[in-house]
Amino acid sequence: MTNSFKHRALGLLAALAIAPASQAWEGKTFKVCADPNNLPYSNQKGEGFENKIAELLADELDLELEYTWFPQRMGFIRNTLKAEVEEGKGKGYKCDVIIGLPTGAEQAATTQPYYRSTYALVIAKKRGWDDIESPEDLDKLSDKQKAKLKMAMFDGSPATTWLLNHKLLDGSIPFQSMDADATISTAERVEQALKSGKLDMAIVWGPIAGYLETHNKGAFEVIPMHSEQGVKFEFPMSMGVRIPDKERKEELNKLIEDNQRKINKILGKYKVPLVDADGKLIDD
């Protein structure tokens, strides 16, 4: 059975049991809003895990995948998900789905979570910190050792609160969570800083930790963080649609439910640390 015939057959079976698979989608395209240069999430070469998940969903719907590119920072949703096509009002929107948004994000209607991850401590090996096997080991360092520690401190990150609570903030090096230069991703900036020796370690969001691990095999130790009183490290992630777009949201929820194992497999290839709803790490 060819793939295209298989998809049509599966679509027919689905139509007999539930609403038609493509009912919520206009035309023949699955239109995704994405950042053109934001690995490990997405890029124009289709190398990010959100690209792969978009390909999976488009394939399941038997629709062509089409992107609208814009840097995923201030103005992203306004210029993509909420932007009508240039031909004018009533002609539809530039794109219909954002593959990665925090669950409950205010500017869009978010689906059920399709993954949960946690922040992780990434340590450059052979810099004198190889004995650190847990975040708590940082507490055991002497004041002299802490003074030598070159650790990233991101604005607006729970990691900064954690560093403050554990008296590790004094020697930390400020980093912006979102740089004005959209040609380089946060993951790439941290990677450069760790490889150059500007940083010894950083506490970063799970997918970025996975990127650093896969792009520098054997060079970094990745240790998942866990929440403690006053500091939350685990968060759910969803897909997003326009707020009135209930039908599309419901169909995405069904797609997520039916394809969760395939989605987890994609995330596994990118070494994204996954946690369950209670914040416990999910084994491979």
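A: Begin with a cut-off: a residue is buried under 20% relative accessible area, exposed over 50%, and partly exposed in between. This model is predicted. Lys-125 has a relative accessibility of 34%, so Lys-125 counts as partly exposed.

Q: Which residue forms a salt bridge with Lys-125?

A: A salt bridge needs a side-chain nitrogen of Lys or Arg within 4 Å of a carboxyl oxygen of Asp or Glu. Here the partner is Glu-221, with the closest N and O atoms 3.8 Å apart. The two come from distant parts of the chain, 96 residues apart: Glu-221 is in strand S12, and Lys-125 is in the loop between strand S8 and helix H4. Glu-221 is partly exposed too, because its relative accessibility is 35%.

Q: How many salt bridges are there by this rule?

A: The count is eight. One of them joins the side chains of Asp-96 and Arg-248, at 3.6 Å from N to O. Asp-96 lies in the loop between helix H3 and strand S5 and Arg-248 in helix H8, so this pair ties together parts 152 residues apart in sequence.

Q: Are Asp-96 and Arg-248 buried or exposed?

A: Both are buried.

Q: Where do Lys-254 and Asp-258 lie?

A: Both are in helix H8, four residues apart, which is about one turn of the helix. Lys-254 is partly exposed, as its relative accessible area is 33%, and Asp-258 is partly exposed at 49%. Elsewhere, salt bridges with shared partners join Asp-96, Arg-242, Asp-245 and Arg-248 into one network.

Terms used: Residues numbered from 1 in each chain as written. Predicted model: local features only at pLDDT ≥ 70, side-chain atom pairs only at ≥ 80, totals over all residues. Heavy atoms only, no water. Buried < 20%, exposed > 50% of the residue type's maximum accessible area, 1.4 Å probe, protein only.
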